[in-house]
Amino acid sequence: MMDIAVLIIIAVYFSLHLILYFGLKRSDGIKQNSSDRLPFISVIVAARNEERNIEVCINSLKYIVYPKEKYEIILVNDKSSDSTKNIMHQCTEYRNEFIILDTIDAPDSTLTGKVKALSYAISKSKGELIMMTDADCTVDKNWLKESAKYYHNNLGLLCGFTMIDYSHGLFSKLQSLDWIYLQSLASASSGIYANLSCIGNNLSVSDAAYGSIGGYENLKFSVTEDLALLRKIKSERKYKILYPVNPRCLVKSLPCTDFKELYRQKKRWFRGGIGINSLGYLLGFLLYTSNIILVFGLLFLTPLTYLVSIVIKMLSELLIMIPVYRKFNYRNLIIYFPLFQIYFAIYGLLLPFTFLFGYK
């Protein structure tokens, strides 16, 4: 009886991934605007105590291929206690496209932390489009141009892919596979109009859509401000949201350096994801159940049922990972997929228990 129940769950898991595969294909086939019109873009990077990363981020922004008169880059020093602000000034001296702000000059508001820095920068921006990334990221030189091409037919929010730099050892490779899978799910869900999530370090929004919801000041508090922005714009039903599979819109991010940092990241994402749509809850239940089967299945299943279940589970996830993996030309990473299964299952099973602990 238990074997039959497990096989039914795994069959539903595969069926859902098959539906998401077609959603991913739709996101991959999104057409860009062929017009030569180039909107003015405001790029925003908020940084707090990022002296190790901010210079590399700024240097990548210097190579952006876009008319100089058509964009500005706003760097926000968010109360850093290290040399972040000094590095910002040193790296942007004599560069007119860069603007440096400090959150100590921001007007008082109910906002705090990163979202306050972003809101302050947006209030000072001039862009028709607002594009955001993080201080520990580097952008593709075509990031602005390629992202801007999607802004037609009433697009309000564009989610882009962020990939982990996996040159830092096995831990970074597992994180990279994790991000490929999670963002493939997010892009696929967008393709079936049931947006699950987005990544704030590669996110853009039209000024019109941002203004229509009243900005960050009008959002309920969330530890994931990017997801809160997406949900609010979607709930208004005035603007479209897209999550294209385009390597020329790619942003690269550094991996978490240790398990403590990873724990904080995953806990923040998990808490921010509470209140997700019905697709998210269904997928979450099936993911959690399939991970229980992977880790503990041999304790209550026959060996054949266990083997069949695990093979179907892995094929389900590869179904939506491989198209993205190939599109972004990630080589020699898929050999770590079996080990990723264990990594993904362990942290996935532990995540709900983070509610028993504090926020730090």
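Which residues is I44 in contact with, leaving aside its neighbours within four places in sequence?

## Nonpolar cores

In this predicted model, the contacts of I44 beyond four places in sequence are I74, V76, L118, A121, I122, I130, M131, M132 and T133. I44 also belongs to the largest nonpolar core, which holds 71 residues. Within that core, I44, M132, L157, Y181, Y216, L229 and F340 touch the most other members. Helix α6, spanning residues 170-191, supplies the largest share of the core, namely nine residues.

A further core of 32 residues lies apart from this one, and its members include V43, L129, L158 and V251. In soluble globular proteins, nonpolar side chains tend to be buried together.

L158, a member of the core of 32 residues, is placed in strand β6. Its relative accessibility is 4%, so L158 counts as buried. Not counting residues up to four places away in sequence, L158 touches S147, Y150, Y151, N202, L203, S204, L242 and P244. P244 is 86 residues from L158 in sequence, yet the two C-alpha atoms are 8.0 Å apart in space.

S147, one of the residues touched by L158, is found in helix α5, residues 143-148. With a relative accessible area of 2%, S147 is buried. Beyond its neighbours within four places in sequence, S147 is in contact with M131, N142, L158 and C249. M131 is also among the contacts of I44.

## Packing of helices α11 and α12

Two packed helices are described by the angle between their axes and the distance between the axes. For helix α11 (residues 303-327) and helix α12 (residues 337-350), the axes come within 12 Å and cross at roughly 105 degrees. The two helices, α11 and α12, are therefore roughly perpendicular to each other.

On the α11 side, the contact involves K313, M314, E317, L318 and M321, which meet F337, F340 and Q341 in α12. Sorted by class, the contact of α11 with α12 comprises five nonpolar, one polar and two charged residues.

## The loop between α11 and α12

L333 is placed in the loop between α11 and α12. Its relative accessible area is 0%, so L333 is buried. Not counting residues up to four places away in sequence, L333 touches Y166, K173, S176, L177, I180 and Y325. L333 and L301 are separated by 32 residues in sequence and, from C-alpha to C-alpha, by 31 Å in space.

## Aromatic pairs

A pair of aromatic rings is described by the distance of the centres and the angle of the planes. The model has 14 aromatic pairs. One of them is formed by F161 and Y243, with an edge-to-face arrangement, 5.3 Å centre to centre and 70 degrees between the planes. F161 lies in the loop between β6 (155-159) and β7 (162-164), and Y243 in the loop between β9 (240-242) and β10 (251-253), so the pair ties together parts that are 82 residues apart in sequence. Both F161 and Y243 are buried.

The pair of F171 and F259 is tilted, with 4.7 Å centre to centre and 40 degrees between the planes. Because F171 lies in helix α6 and F259 in helix α9 (residues 259-272), this pair ties together parts that are 88 residues apart in sequence. F171 is buried, with a relative accessible area of 18%, whereas F259 counts as exposed at 61%. Elsewhere, Y181, F337, F340, Y343, F344 and Y347 form one aromatic cluster. F337 and F340 of this cluster also take part in the contact of α12 with α11.

## Residues with positive phi

Most residues other than glycine have a negative phi. N49, which is not a glycine, has a positive phi near 50 degrees. N49 is found in the loop between β1 (41-47) and α2 (54-61), and counts as partly exposed at 37% relative accessibility.

K79 likewise has a positive phi, of about 55 degrees, although it is not a glycine. The loop between β2 (71-77) and α3 (84-92) contains K79. The relative accessible area of K79 is 49%, so this residue is partly exposed, the limit for exposed being over 50%.

Methods
Residues numbered from 1 in each chain as written. Predicted model: local features only at pLDDT ≥ 70, side-chain atom pairs only at ≥ 80, totals over all residues. Heavy atoms only, no water. Axes fitted to C-alpha atoms, helices over the stretch in contact; angles between N-to-C directions. Helix = DSSP H or I, 4+ residues; strand = E, 2+ residues; numbered from the N terminus. Parallel < 35°, antiparallel > 145°, perpendicular 65-115°, else oblique. Contact = heavy atoms within 4.5 Å. Nonpolar A, V, L, I, M, F, W, Y, C, P; charged D, E, K, R; others polar. Buried < 20%, exposed > 50% of the residue type's maximum accessible area, 1.4 Å probe, protein only. Core = buried A, V, L, I, M, F, W, Y, C linked by side-chain atoms within 4.5 Å. Phe/Tyr/Trp six-rings, centres within 6.5 Å; stacked < 30°, edge-to-face > 60°.
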